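Dear colleague,

Here is the structure I promised to pass on.

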Amino acid sequence: MTFLRRPGTISIEVTVSSGVASSVAVKANRPPGLTRIFVGRRPEEAPTLARQVFSLCGFSQSVASRLAVLNAADLSMGEGERVAAATGLYAERIFETLRALILHWPPPLPSELAPVAGRCLRRALAASQEIIGQASSGKINRQQLASAVARLCFAARAIGISDPGDMPLPGSACAEMLRDIVNNRVFADRLPDALTVEDDQEVIFRLSDEPDYSNLPHLPGRVVETGAYARRPAWGAASGSHLARRFLARIGDVGYCLGQLKAVADTGEHDWVTLACGAPTPGAGGYGAVECARGRLYHQAEIGGDGRLSAYRILAPTEWNFHPAGPFVDTLLRSRIGSDDSAPRSVSLLAALFDPCVAFDVGIREADDA
(Lines give C-alpha, C1' and ligand atoms only; values in the text may rest on other atoms or scores of the structure.)
Protein backbone atom coordinates (compact mmCIF):
# COMPACT_ATOMS: atom_id res chain seq x y z
CA MET A 1 0.00 0.00 0.00
CA THR A 2 1.24 3.51 -0.84
CA PHE A 3 -0.11 6.81 0.46
CA LEU A 4 1.07 9.97 -1.32
CA ARG A 5 1.90 13.11 0.61
CA ARG A 6 4.86 15.06 -0.78
CA PRO A 7 8.25 14.24 -2.39
CA GLY A 8 10.02 11.51 -0.47
CA THR A 9 8.96 8.13 0.84
CA ILE A 10 9.29 5.91 3.87
CA SER A 11 9.81 2.21 3.17
CA ILE A 12 8.53 -0.15 5.88
CA GLU A 13 9.73 -3.74 5.50
CA VAL A 14 8.40 -6.22 8.06
CA THR A 15 9.70 -9.76 8.45
CA VAL A 16 7.16 -12.15 9.95
CA SER A 17 7.97 -15.39 11.75
CA SER A 18 4.99 -17.57 12.76
CA GLY A 19 2.75 -14.53 12.37
CA VAL A 20 4.86 -12.30 14.64
CA ALA A 21 6.79 -9.24 13.41
CA SER A 22 10.31 -10.47 14.13
CA SER A 23 12.13 -7.54 12.50
CA VAL A 24 11.18 -4.14 11.14
CA ALA A 25 13.29 -2.03 8.78
CA VAL A 26 12.31 1.59 8.21
CA LYS A 27 14.16 3.56 5.56
CA ALA A 28 13.42 7.17 4.64
CA ASN A 29 14.16 8.50 1.17
CA ARG A 30 14.09 12.30 1.27
CA PRO A 31 15.35 14.94 -1.17
CA PRO A 32 18.93 15.65 0.03
CA GLY A 33 20.35 19.05 0.89
CA LEU A 34 17.03 20.84 1.31
CA THR A 35 18.27 23.22 3.99
CA ARG A 36 21.17 24.41 1.81
CA ILE A 37 18.79 26.73 -0.02
CA PHE A 38 18.51 28.83 3.15
CA VAL A 39 22.25 29.43 3.50
CA GLY A 40 23.37 32.79 2.15
CA ARG A 41 19.88 34.29 2.36
CA ARG A 42 18.94 37.27 4.46
CA PRO A 43 17.36 36.08 7.74
CA GLU A 44 14.05 37.80 7.00
CA GLU A 45 13.69 35.72 3.82
CA ALA A 46 13.75 32.40 5.68
CA PRO A 47 10.12 32.24 6.93
CA THR A 48 8.68 32.94 3.47
CA LEU A 49 11.06 30.44 1.89
CA ALA A 50 10.13 27.79 4.48
CA ARG A 51 6.45 28.23 3.67
CA GLN A 52 7.10 27.94 -0.06
CA VAL A 53 9.29 24.85 0.21
CA PHE A 54 6.98 22.68 2.31
CA SER A 55 3.64 21.55 0.92
CA LEU A 56 2.43 20.31 4.32
CA CYS A 57 2.27 22.45 7.46
CA GLY A 58 3.68 25.42 5.57
CA PHE A 59 2.45 27.94 8.13
CA SER A 60 4.00 25.96 10.98
CA GLN A 61 7.28 25.82 9.07
CA SER A 62 7.20 29.59 8.59
CA VAL A 63 6.51 30.28 12.29
CA ALA A 64 9.31 27.94 13.43
CA SER A 65 11.61 29.70 10.96
CA ARG A 66 10.52 33.16 12.14
CA LEU A 67 11.25 32.23 15.75
CA ALA A 68 14.66 30.81 14.78
CA VAL A 69 15.86 33.91 12.92
CA LEU A 70 14.44 36.31 15.52
CA ASN A 71 16.27 34.50 18.30
CA ALA A 72 19.45 34.36 16.21
CA ALA A 73 19.27 38.15 16.01
CA ASP A 74 18.50 38.37 19.76
CA LEU A 75 15.00 39.66 19.05
CA SER A 76 11.61 38.44 20.23
CA MET A 77 8.16 38.05 18.68
CA GLY A 78 5.72 40.73 19.77
CA GLU A 79 2.44 39.94 21.51
CA GLY A 80 0.29 40.83 18.49
CA GLU A 81 2.36 38.62 16.22
CA ARG A 82 2.16 35.76 18.73
CA VAL A 83 -1.64 35.97 18.82
CA ALA A 84 -1.77 35.92 15.02
CA ALA A 85 0.71 33.04 14.83
CA ALA A 86 -1.26 31.03 17.39
CA THR A 87 -4.49 31.28 15.39
CA GLY A 88 -2.78 30.12 12.22
CA LEU A 89 -0.99 27.27 13.98
CA TYR A 90 -4.20 25.95 15.55
CA ALA A 91 -6.15 26.23 12.28
CA GLU A 92 -3.45 24.43 10.30
CA ARG A 93 -3.12 21.70 12.94
CA ILE A 94 -6.87 21.06 12.76
CA PHE A 95 -7.04 20.84 8.99
CA GLU A 96 -3.85 18.78 8.57
CA THR A 97 -5.18 16.22 11.06
CA LEU A 98 -8.58 16.03 9.39
CA ARG A 99 -7.05 15.81 5.92
CA ALA A 100 -4.74 12.95 6.88
CA LEU A 101 -7.57 11.00 8.49
CA ILE A 102 -10.05 11.42 5.63
CA LEU A 103 -7.70 11.12 2.66
CA HIS A 104 -5.17 8.59 3.92
CA TRP A 105 -7.18 6.17 6.05
CA PRO A 106 -6.27 2.72 4.63
CA PRO A 107 -9.77 1.16 4.48
CA PRO A 108 -11.96 3.31 2.19
CA LEU A 109 -14.94 4.98 3.82
CA PRO A 110 -18.40 3.57 3.00
CA SER A 111 -19.94 5.05 -0.15
CA GLU A 112 -22.60 6.92 1.81
CA LEU A 113 -19.99 8.64 4.03
CA ALA A 114 -17.18 9.41 1.59
CA PRO A 115 -18.93 12.24 -0.37
CA VAL A 116 -20.10 13.91 2.85
CA ALA A 117 -16.63 13.71 4.36
CA GLY A 118 -15.12 15.13 1.18
CA ARG A 119 -17.46 18.13 1.17
CA CYS A 120 -16.83 18.80 4.85
CA LEU A 121 -13.09 18.56 4.33
CA ARG A 122 -13.29 21.20 1.59
CA ARG A 123 -15.25 23.47 3.94
CA ALA A 124 -12.67 22.91 6.65
CA LEU A 125 -9.94 23.82 4.16
CA ALA A 126 -11.69 27.06 3.19
CA ALA A 127 -12.22 28.07 6.83
CA SER A 128 -8.68 27.18 7.90
CA GLN A 129 -7.20 29.05 4.94
CA GLU A 130 -9.21 32.14 5.88
CA ILE A 131 -7.86 31.95 9.43
CA ILE A 132 -4.29 31.37 8.21
CA GLY A 133 -4.71 34.29 5.81
CA GLN A 134 -5.57 36.57 8.72
CA ALA A 135 -2.69 35.15 10.72
CA SER A 136 -0.25 35.75 7.87
CA SER A 137 -1.21 39.43 7.78
CA GLY A 138 -0.24 39.73 11.43
CA LYS A 139 -3.56 41.36 12.28
CA ILE A 140 -6.51 39.47 13.76
CA ASN A 141 -10.06 40.80 13.44
CA ARG A 142 -11.77 38.87 16.22
CA GLN A 143 -15.23 39.20 14.67
CA GLN A 144 -14.04 37.78 11.35
CA LEU A 145 -12.02 35.16 13.21
CA ALA A 146 -15.08 34.06 15.18
CA SER A 147 -17.05 33.61 11.95
CA ALA A 148 -14.31 31.50 10.34
CA VAL A 149 -13.86 29.45 13.54
CA ALA A 150 -17.60 28.74 13.63
CA ARG A 151 -17.45 27.40 10.05
CA LEU A 152 -14.39 25.30 10.88
CA CYS A 153 -16.17 23.89 13.95
CA PHE A 154 -19.24 23.07 11.84
CA ALA A 155 -17.15 21.22 9.24
CA ALA A 156 -15.20 19.32 11.89
CA ARG A 157 -18.40 18.34 13.69
CA ALA A 158 -19.89 17.02 10.44
CA ILE A 159 -16.81 14.81 10.06
CA GLY A 160 -17.39 13.54 13.59
CA ILE A 161 -15.40 15.73 15.98
CA SER A 162 -17.46 16.16 19.13
CA ASP A 163 -17.17 18.83 21.79
CA PRO A 164 -14.85 18.54 23.72
CA GLY A 165 -13.64 16.00 21.15
CA ASP A 166 -13.27 12.84 23.20
CA MET A 167 -15.44 10.41 21.17
CA PRO A 168 -16.64 10.70 17.55
CA LEU A 169 -20.26 11.59 16.85
CA PRO A 170 -22.48 8.61 15.87
CA GLY A 171 -22.96 8.02 12.15
CA SER A 172 -19.95 10.16 11.18
CA ALA A 173 -16.82 9.35 9.20
CA CYS A 174 -14.78 9.39 12.43
CA ALA A 175 -17.23 6.98 14.05
CA GLU A 176 -16.81 4.60 11.10
CA MET A 177 -13.02 4.78 11.42
CA LEU A 178 -13.20 4.02 15.13
CA ARG A 179 -15.60 1.13 14.49
CA ASP A 180 -13.05 -0.31 12.08
CA ILE A 181 -10.28 -0.46 14.69
CA VAL A 182 -11.95 -0.59 18.12
CA ASN A 183 -11.68 -4.38 18.29
CA ASN A 184 -8.17 -4.52 16.86
CA ARG A 185 -5.89 -6.15 19.45
CA VAL A 186 -2.83 -6.61 17.26
CA PHE A 187 -0.64 -4.02 18.98
CA ALA A 188 0.14 -3.92 22.68
CA ASP A 189 -0.49 -0.68 24.55
CA ARG A 190 2.48 1.55 25.23
CA LEU A 191 2.63 4.93 26.91
CA PRO A 192 4.59 7.48 24.86
CA ASP A 193 7.90 8.99 25.95
CA ALA A 194 6.93 12.49 24.88
CA LEU A 195 9.30 15.02 23.31
CA THR A 196 8.72 18.29 25.20
CA VAL A 197 10.13 21.76 25.72
CA GLU A 198 12.35 20.33 28.47
CA ASP A 199 14.21 18.40 25.75
CA ASP A 200 14.82 21.41 23.51
CA GLN A 201 18.24 22.37 24.85
CA GLU A 202 19.73 18.91 24.29
CA VAL A 203 17.97 18.44 20.94
CA ILE A 204 19.25 21.77 19.59
CA PHE A 205 22.77 21.11 20.87
CA ARG A 206 22.84 17.75 19.12
CA LEU A 207 21.20 19.16 15.97
CA SER A 208 23.96 21.78 15.74
CA ASP A 209 26.79 19.38 16.64
CA GLU A 210 25.95 16.07 14.91
CA PRO A 211 25.90 16.18 11.07
CA ASP A 212 23.19 13.53 10.55
CA TYR A 213 21.02 14.38 13.56
CA SER A 214 18.19 15.85 11.47
CA ASN A 215 17.78 12.46 9.78
CA LEU A 216 18.38 10.21 12.79
CA PRO A 217 17.55 12.15 15.97
CA HIS A 218 17.93 10.40 19.31
CA LEU A 219 18.05 11.04 23.04
CA PRO A 220 20.11 8.47 24.98
CA GLY A 221 18.16 5.69 26.67
CA ARG A 222 14.80 6.85 25.32
CA VAL A 223 12.32 5.96 22.57
CA VAL A 224 11.01 9.45 21.94
CA GLU A 225 7.62 10.14 20.36
CA THR A 226 5.97 13.36 19.29
CA GLY A 227 2.50 14.24 18.00
CA ALA A 228 -1.08 14.05 19.26
CA TYR A 229 -0.66 10.74 21.13
CA ALA A 230 2.43 12.08 22.90
CA ARG A 231 0.72 15.37 23.77
CA ARG A 232 -2.41 13.82 25.30
CA PRO A 233 -2.76 10.04 25.00
CA ALA A 234 -6.37 8.80 25.13
CA TRP A 235 -5.57 6.43 27.97
CA GLY A 236 -8.51 4.56 29.49
CA ALA A 237 -10.67 5.02 26.38
CA ALA A 238 -11.37 2.22 23.88
CA SER A 239 -9.98 -0.34 26.28
CA GLY A 240 -7.83 -2.98 24.65
CA SER A 241 -7.22 -1.34 21.26
CA HIS A 242 -3.98 0.57 20.88
CA LEU A 243 -5.02 1.78 17.43
CA ALA A 244 -8.26 3.17 18.85
CA ARG A 245 -6.39 5.06 21.56
CA ARG A 246 -4.12 6.64 18.98
CA PHE A 247 -7.11 7.57 16.85
CA LEU A 248 -8.96 9.13 19.80
CA ALA A 249 -5.87 11.12 20.73
CA ARG A 250 -5.83 12.61 17.24
CA ILE A 251 -9.48 13.64 17.14
CA GLY A 252 -9.15 14.83 20.73
CA ASP A 253 -6.31 17.10 19.60
CA VAL A 254 -8.62 18.58 16.96
CA GLY A 255 -11.24 19.28 19.63
CA TYR A 256 -8.60 20.89 21.84
CA CYS A 257 -7.37 23.16 19.03
CA LEU A 258 -10.94 24.19 18.19
CA GLY A 259 -11.42 25.18 21.82
CA GLN A 260 -8.22 27.22 21.73
CA LEU A 261 -9.35 29.02 18.57
CA LYS A 262 -12.69 29.86 20.18
CA ALA A 263 -10.81 31.32 23.17
CA VAL A 264 -8.66 33.52 20.92
CA ALA A 265 -11.76 34.77 19.09
CA ASP A 266 -13.64 35.41 22.36
CA THR A 267 -10.94 36.93 24.55
CA GLY A 268 -7.68 37.08 22.61
CA GLU A 269 -6.10 34.68 25.11
CA HIS A 270 -3.93 31.83 23.90
CA ASP A 271 -1.58 29.25 25.38
CA TRP A 272 1.60 30.21 23.54
CA VAL A 273 3.91 28.31 25.91
CA THR A 274 2.51 24.91 24.95
CA LEU A 275 2.28 25.83 21.27
CA ALA A 276 5.63 27.37 20.33
CA CYS A 277 8.89 28.63 21.81
CA GLY A 278 12.47 29.50 20.93
CA ALA A 279 15.74 30.82 22.30
CA PRO A 280 19.18 32.03 21.22
CA THR A 281 21.90 29.44 20.68
CA PRO A 282 25.70 29.85 20.67
CA GLY A 283 27.43 31.41 17.68
CA ALA A 284 24.85 34.03 16.68
CA GLY A 285 22.24 31.30 16.41
CA GLY A 286 18.67 30.73 17.46
CA TYR A 287 15.95 28.11 17.26
CA GLY A 288 12.19 27.92 17.02
CA ALA A 289 10.00 24.98 17.99
CA VAL A 290 6.33 24.54 17.09
CA GLU A 291 3.79 21.86 18.03
CA CYS A 292 2.25 21.14 14.63
CA ALA A 293 -0.15 18.41 13.51
CA ARG A 294 2.46 15.66 13.41
CA GLY A 295 4.46 16.77 16.44
CA ARG A 296 7.30 19.03 17.51
CA LEU A 297 9.02 20.81 14.62
CA TYR A 298 12.41 22.51 15.01
CA HIS A 299 14.18 25.15 12.93
CA GLN A 300 17.68 26.33 13.90
CA ALA A 301 19.49 29.24 12.22
CA GLU A 302 22.89 30.89 12.46
CA ILE A 303 23.75 34.36 11.16
CA GLY A 304 27.25 35.01 9.81
CA GLY A 305 29.35 38.15 10.06
CA ASP A 306 27.92 39.39 6.76
CA GLY A 307 24.41 39.41 8.22
CA ARG A 308 23.27 36.45 6.12
CA LEU A 309 22.36 32.93 7.17
CA SER A 310 25.53 30.87 7.55
CA ALA A 311 23.81 27.65 8.68
CA TYR A 312 20.26 26.34 8.75
CA ARG A 313 18.82 23.11 10.13
CA ILE A 314 15.33 21.59 10.27
CA LEU A 315 14.21 18.62 12.36
CA ALA A 316 10.77 17.27 11.45
CA PRO A 317 8.48 15.19 13.72
CA THR A 318 8.48 12.26 11.31
CA GLU A 319 12.19 11.66 11.92
CA TRP A 320 11.48 10.86 15.59
CA ASN A 321 8.38 8.74 15.07
CA PHE A 322 9.75 6.71 12.15
CA HIS A 323 13.31 6.44 13.42
CA PRO A 324 14.66 2.89 12.79
CA ALA A 325 14.60 2.41 16.58
CA GLY A 326 11.71 4.79 17.25
CA PRO A 327 8.17 4.41 18.60
CA PHE A 328 6.57 3.13 15.38
CA VAL A 329 9.09 0.30 15.14
CA ASP A 330 8.92 -0.32 18.90
CA THR A 331 5.11 -0.64 18.71
CA LEU A 332 5.19 -2.92 15.67
CA LEU A 333 8.05 -5.20 16.66
CA ARG A 334 6.96 -8.50 18.24
CA SER A 335 3.30 -7.82 17.43
CA ARG A 336 1.24 -10.71 16.10
CA ILE A 337 0.26 -9.20 12.76
CA GLY A 338 -0.31 -12.52 11.00
CA SER A 339 0.94 -13.47 7.56
CA ASP A 340 -2.16 -13.14 5.39
CA ASP A 341 -3.75 -10.08 3.77
CA SER A 342 -4.55 -8.62 7.19
CA ALA A 343 -0.85 -8.06 7.96
CA PRO A 344 -0.17 -5.13 5.57
CA ARG A 345 -3.52 -3.61 6.54
CA SER A 346 -2.66 -3.64 10.26
CA VAL A 347 0.79 -2.17 9.63
CA SER A 348 -0.69 0.49 7.34
CA LEU A 349 -3.28 1.47 9.96
CA LEU A 350 -0.54 1.91 12.56
CA ALA A 351 1.59 3.93 10.14
CA ALA A 352 -1.38 6.13 9.19
CA LEU A 353 -2.03 6.92 12.85
CA PHE A 354 1.62 7.90 13.31
CA ASP A 355 1.00 10.02 10.17
CA PRO A 356 4.35 10.56 8.41
CA CYS A 357 4.67 13.71 6.32
CA VAL A 358 5.70 11.67 3.26
CA ALA A 359 4.37 8.64 1.40
CA PHE A 360 4.91 5.24 2.94
CA ASP A 361 5.16 1.74 1.46
CA VAL A 362 4.56 -1.44 3.44
CA GLY A 363 6.20 -4.72 2.55
CA ILE A 364 5.66 -8.04 4.38
CA ARG A 365 7.92 -11.08 4.00
CA GLU A 366 8.15 -14.44 5.73
CA ALA A 367 11.33 -15.22 7.63
CA ASP A 368 13.54 -17.77 5.90
CA ASP A 369 13.21 -20.18 8.81
CA ALA A 370 9.44 -19.73 9.21
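The largest nonpolar core has 98 residues. Ile12, Phe247, Trp272, Phe328 and Leu332 touch the most other members. A nonpolar core here is a set of buried Ala, Val, Leu, Ile, Met, Phe, Trp, Tyr and Cys residues joined through side-chain atoms within 4.5 Å. Buried means under 20% relative accessible area, exposed over 50%, and partly exposed in between, with a 1.4 Å probe and protein chains only. Apart from this core lies another, of 13 residues, including Ala289, Tyr298, Leu315 and Trp320.

Two notes on the source. This is a predicted model, in which local features need pLDDT of at least 70 and side-chain atom pairs count only at pLDDT 80 or more, while totals for chains, interfaces and linings use all residues. Residues are numbered from 1 along each chain as its sequence is written, and side-chain values use heavy atoms, with hydrogens and water left out.

Back to Phe247. Leaving aside neighbours within four places in sequence, Phe247 is in contact (heavy atoms within 4.5 Å) with Leu101, Trp105, Cys174, Met177, Leu178, Ile181 and Leu353. Helix α6 covers residues 173–181. Its buried residues are Ala173, Cys174, Ala175, Met177, Leu178 and Ile181. They pack against α3 (79–104), α4 (114–137), α5 (142–159), α9 and α13. Helices (H or I, at least four residues) and strands (E, at least two) are DSSP runs, numbered from the N terminus.

Next, the pocket and the cavities. All come from a 1 Å grid over the protein atoms alone. A cavity is a set of points where a 1.4 Å probe fits but cannot get out. A pocket is an open set with protein on both sides within 12 Å along at least five of seven lines. Lining residues have an atom within 4 Å of a point. Points are joined across faces, edges and corners, and a volume is the space filled by probe spheres set on them.

The largest pocket has a volume of about 700 Å³. It is lined by 30 residues, and Arg30, Ser214, Asn215, Ile314 and Glu319 lie nearest its centre. At least two lining residues each come from β3, α7 (200–209), β9 (309–315) and α11 (317–321). β9 gives the most, with 4 residues. The lining of the largest pocket divides into 17 nonpolar, 7 polar and 6 charged residues. For these classes, Ala, Val, Leu, Ile, Met, Phe, Trp, Tyr, Cys and Pro count as nonpolar, Asp, Glu, Lys and Arg as charged, and the others, Gly among them, as polar.

There are 2 cavities of 30 Å³ or more. The largest cavity has a volume of about 120 Å³. Of its 15 lining residues, Gly227, Ala228, Tyr229, Arg250 and Leu353 lie nearest the centre. Two or more lining residues come from each of α8 (228–231), α9 (242–267) and α13 (342–354). By class, the lining of the largest cavity has 5 nonpolar, 4 polar and 6 charged residues.

The second largest cavity has a volume of about 100 Å³. It is lined by 12 residues, with Leu56, Cys57, Gln61, Pro317 and Cys357 closest to its centre. Its lining divides into 8 nonpolar, 2 polar and 2 charged residues.

Now the strands. β8 (residues 295–303) and β9 pair in the antiparallel sense over 6 bridges; strands pair if DSSP finds at least two bridges between them. His299 stands opposite Ile314 in β9. The two strands form a hairpin with 5 residues between them, and Gly307 in the turn has a positive phi of about 85 degrees. In β9, 5 of the 7 residues are buried, so this strand is largely enclosed by the rest of the structure.

Most residues other than glycine have a negative phi. Ser18 has a positive phi, near 55 degrees. It lies in the loop between β2 (9–17) and β3 (20–29), and it is exposed, at 59% relative accessible area. Phi of Arg334 is also positive, near 70 degrees. Arg334 sits in the loop between α12 (327–332) and α13 and is exposed, at 58%. Ala284 is in the loop between β6 (276–281) and β7 (285–292), and is partly exposed at 42%. Not counting residues up to four places away in sequence, Ala284 touches Ala72, Ala301, Glu302 and Ile303.

Best wishes
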